[in-house]
Amino acid sequence: MRSQPIVGAAVFTAVMEAAGFRCQCSGECGNAHAKGSGRCPHEHDHYTSKHGRRVRLMAAPGDPLASNVTAARLPASALRAWCPDCHEAAARQARKQLPAAPADQCALFDLSAGEDHA
């Protein structure tokens, strides 16, 4: 392994070793990963293609919507290896699954407050 973060290197290394230095996304991003037998084929410090960019995996919670504070408190066993592309796409997919806010919920800047809507 060529690169690893300066802070949290032990946790990062434990997560990467458990994942075999390969992204653990198995379709949460919306991609079936057919070329990787159902799992993202991106490996840490490898290139995405012949003319692609170098992949830097990250150790992050399985829930891509978890806050940074929540993620920092988790042990290595509760983290997964993610490539940035899969993590971002999985977060977008998870946000789509969230229930919509109620229609009667006031917005931060509710311009209609105090007006008569009769």
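Mentor: We shall begin with the overall layout and then turn to individual residues.

Mentor: Please keep in mind that this is a predicted model.

Trainee: Understood. How many helices and strands does the protein have?

Mentor: The protein has three helices and two strands. From the N terminus on, the elements run α-β-α-β-α.

Trainee: And what share of the residues counts as buried?

Mentor: Of the 118 residues, 26% count as buried. The protein exposes about 8,200 Å², and carbon and sulfur atoms supply 55% of that area.

Trainee: What about contacts between residues at least 24 apart in sequence?

Mentor: They make up 51% of the contacts between residues at least 6 apart in sequence.

Trainee: Let us turn to helix 1. Which of its residues are buried?

Mentor: Helix 1 covers residues 9-19, and its buried residues are A9, F12, T13, V15, M16 and A19. Seen down the helix axis, these residues fall within an arc of 165 degrees, so they line one face of helix 1.

Trainee: Which residues are exposed on the other side of helix 1?

Mentor: A10, E17 and A18 are exposed there.

Trainee: And what covers the buried residues of helix 1?

Mentor: The cover includes strand 1, residues 58-61, and strand 2, residues 79-82.

Trainee: I also have A14 selected. Where is it, and how accessible is it?

Mentor: A14 belongs to helix 1. Its relative accessibility is 37%, so A14 counts as partly exposed. The C-alpha atoms of A14 and S77 are 8.2 Å apart in space, although the two residues are 63 apart in sequence.

Trainee: Now the nonpolar core. Which residues have the most contacts inside the largest one?

Mentor: The largest nonpolar core has 18 residues, and those with the most contacts inside it are C23, C25, L57, C83 and C86. Helix 1, strand 2 and helix 3, residues 84-97, are the elements that give two or more residues to this core. Helix 1 gives the most, with four residues.

Trainee: What is L57 in contact with, leaving aside its neighbours within four places in sequence?

Mentor: Its contacts include F12 and M16, which are both buried residues of helix 1.

Trainee: Is H42 buried or exposed?

Mentor: H42 counts as buried, because its relative accessibility is 18% and the cut-off for buried is under 20%. H42 is found in the loop between helix 1 and strand 1. Not counting residues up to four places away in sequence, H42 touches F21, R22, C23, T48, V55, L57, C83 and D85.

Trainee: A change of topic: backbone angles. Where is there a positive phi just after helix 1?

Mentor: G20 takes a positive phi of about 70 degrees there.

Definitions and conventions. Residues numbered from 1 in each chain as written. Predicted model: local features only at pLDDT ≥ 70, side-chain atom pairs only at ≥ 80, totals over all residues. Heavy atoms only, no water. Buried < 20%, exposed > 50% of the residue type's maximum accessible area, 1.4 Å probe, protein only. Contact = heavy atoms within 4.5 Å. Areas by Shrake-Rupley, 256 points an atom, 1.4 Å probe, with all protein chains shown as cover. Arc of directions from axis to C-beta. Core = buried A, V, L, I, M, F, W, Y, C linked by side-chain atoms within 4.5 Å.
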